[in-house]
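Take a walk through this fold, one site at a time. Keep the sequence and the coordinates side by side as you read.

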Amino acid sequence: MDTMRDRFAPVVSRLLDEDPRVAVVLAEIGKDGFTDAQLRHPERVINVGIREQLLIGAGAGLALTGMRPVVHTFASFLVERPFEQVKLDLGHQDVGAVLVSAAASFDWPAGGFTHMAPGDVALLDTLDDWTVHVPGHPDEAETLLRHAVAAGDDKVYVRLSVQANAEALPVDGARFLTVREGRSGVVVAVGPMLDTVLAATEGLDVTVLYATTVRPFDADALRAATRTAGTDVVLVEPYLAGTSTTAANNALAHVPHRVLGLGVGRAELRRYGTIAEHLTAHGLDARTLRERIGGFAGGARGGDGRVAMQG
């Protein structure tokens, strides 16, 4: 199976052909994927070099002229390093862009902490009116990329990862999907965490929701799930633990509830290791998730595993 990032350049190259508003802004990373597109559209494929603040500024400038910029580099260089430009050049000027990241939380462990950004979604959460997509499969990434570019002039972040689920689901850029129903708690699996969550909750009497668009947070889906599954909620996110706990608490503010946020821990792991080793170290492997979910969700035992896909 190809990766989400493998889909990025072909999909956006086609969008360049289809829509004269679309422009691509790069900072060296990923430029080889746009060699042919740059020959066809030299004025709309722009490489600013290793200048991440300029990367965002150039994208915002294009947006001010009415273009729909797609801006791409590693997450740590796209959200964290030029955060002031994201806040001011896009937010303060009230213009939109599609920020597409790679490397996610620890997709390239050998790159070290400079190339890791587990806090990217939490950082964007300090700003207003961002849509955040976290696909869990390359097919979903393609769907959500197209959705993001077509989203008028909105500010959209698409978080690509080499971690992926085995199968794509019919995501729509808005709603959570129900993939398993139970009566003793709700588990929200975000993006590439779905397969691991399903393995971890096999035989547990819990509802599993699948989230690939986490901002705006689908409060209606969570409230609906808790009406039959109870109000113990576990969030399993592939980035900083607790990033969406406030959104879940707000969704359930009208009823007594408990929320457990699982994800990447705050402690820096100073050994490169592998992706699998990082997942285990952060408690995001199936065995540890099962222990934590089973110990938290009330009476989560013996579910019938019914599947009720909503899409």
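Start with Ala97, which counts as buried at 1% relative accessibility. This is a predicted model. Ala97 sits in the loop between α5 and β4. Which residues does Ala97 touch, not counting residues up to four places away in sequence? They are Arg68, Pro69, Leu90, Asp154, Lys155 and Val156. Met67 is 30 residues apart from Ala97 in sequence, and the two C-alpha atoms are 8.9 Å apart in space.

Two packed helices are described by the angle between their axes and the distance between the axes. Here the helices are α3 (residues 52-64) and α5 (residues 83-92). Their axes come within 9 Å. They cross at roughly 10°. That angle is under 35 degrees, the cut-off for this class, so α3 runs roughly parallel to α5. On the α3 side, the contact is made by Gln53, Ile56, Gly57 and Ala60. On the α5 side, Gln85, Val86, Asp89 and Leu90 make it. By class, the contact has 4 nonpolar, 3 polar and 1 charged residues. An α-helix has 3.6 residues a turn, so residues three or four places apart point the same way.

Gln85 deserves a look of its own. This residue is found in helix α5. Is Gln85 buried or exposed? At 17% relative accessibility it counts as buried, because the cut-off for buried is under 20%. Leaving aside its neighbours within four places in sequence, Gln85 is in contact with Gln53, Ile56 and Leu90. Gln53 and Ile56 belong to the α3 side of the helix contact.

Now turn to the backbone. Most residues other than glycine have a negative phi, and most peptide bonds are trans. Ala103 has a positive phi, near 85°, and is not a glycine. Its place is the loop between β4 (98-102) and α6 (120-124). Ala103 is buried, with a relative accessible area of 10%. Asp129 also has a positive phi, about 65°, although it is not a glycine. Asp129 is found in the loop between α6 and β5 (130-133). Where Ala103 is buried, Asp129 is exposed, with a relative accessible area of 57%. The peptide bond joining Arg215 and Pro216 is cis, with omega about -5°. Pro216 lies in the loop between β10 (213-215) and α9.

Helix α9 (residues 219-229) holds Thr226. Thr226 counts as buried, at 9% relative accessibility. What is Thr226 in contact with, leaving aside its neighbours within four places in sequence? The answer is Val186, Thr231, Val233 and Leu252.

Move on to helix α12 (residues 286-296). Its buried residues are Thr288, Leu289, Ile293, Gly294 and Phe296. What do they pack against? Two of the partners are strands β8 (186-190) and β11 (232-240). Strand β12 (258-264) and helix α8 (194-200) are partners as well.

Next comes the largest pocket. Its volume is about 190 Å³. Of the 18 residues that line it, the closest to its centre are Phe113, Pro118, Val264, Gly265 and Arg266. The lining divides into 8 nonpolar, 7 polar and 3 charged residues.

Pro256 is found in the loop between α10 (245-251) and β12. At 71% relative accessibility, Pro256 counts as exposed. Leu145 is 111 residues apart from Pro256 along the chain, and their C-alpha atoms are separated by 37 Å. Asp19 lies in the loop between α1 (4-18) and β1 (22-26). How does its accessibility class come out? Asp19 is partly exposed, with a relative accessible area of 25%. The C-alpha atoms of Asp19 and Thr274 are separated by 40 Å, and the two residues are 255 residues apart along the chain.

How values were computed:
Residues are numbered from 1 along each chain as its sequence is written. This is a predicted model: local features need pLDDT of at least 70, side-chain atom pairs count only at pLDDT 80 or more; totals for chains, interfaces and linings use all residues. Side-chain values use heavy atoms; hydrogens and water are left out. Helices (H or I, at least four residues) and strands (E, at least two) are DSSP runs, numbered from the N terminus. Buried means under 20% relative accessible area, exposed over 50%, partly exposed in between (1.4 Å probe, protein chains only). Contact means heavy atoms within 4.5 Å. On a 1 Å grid over the protein atoms alone, a cavity is a set of points where a 1.4 Å probe fits but cannot get out, and a pocket is an open set with protein on both sides within 12 Å along at least five of seven lines; lining residues have an atom within 4 Å of a point. Grid points are joined across faces, edges and corners, and a volume is the space filled by probe spheres set on the points. Ala, Val, Leu, Ile, Met, Phe, Trp, Tyr, Cys and Pro count as nonpolar, Asp, Glu, Lys and Arg as charged, and the others, Gly among them, as polar. Axes are lines fitted to C-alpha atoms, for helices over the stretch in contact, and angles run from 0 to 180 degrees between N-to-C directions. Angles under 35 degrees count as roughly parallel, over 145 as roughly antiparallel, 65 to 115 as roughly perpendicular and the rest as oblique.
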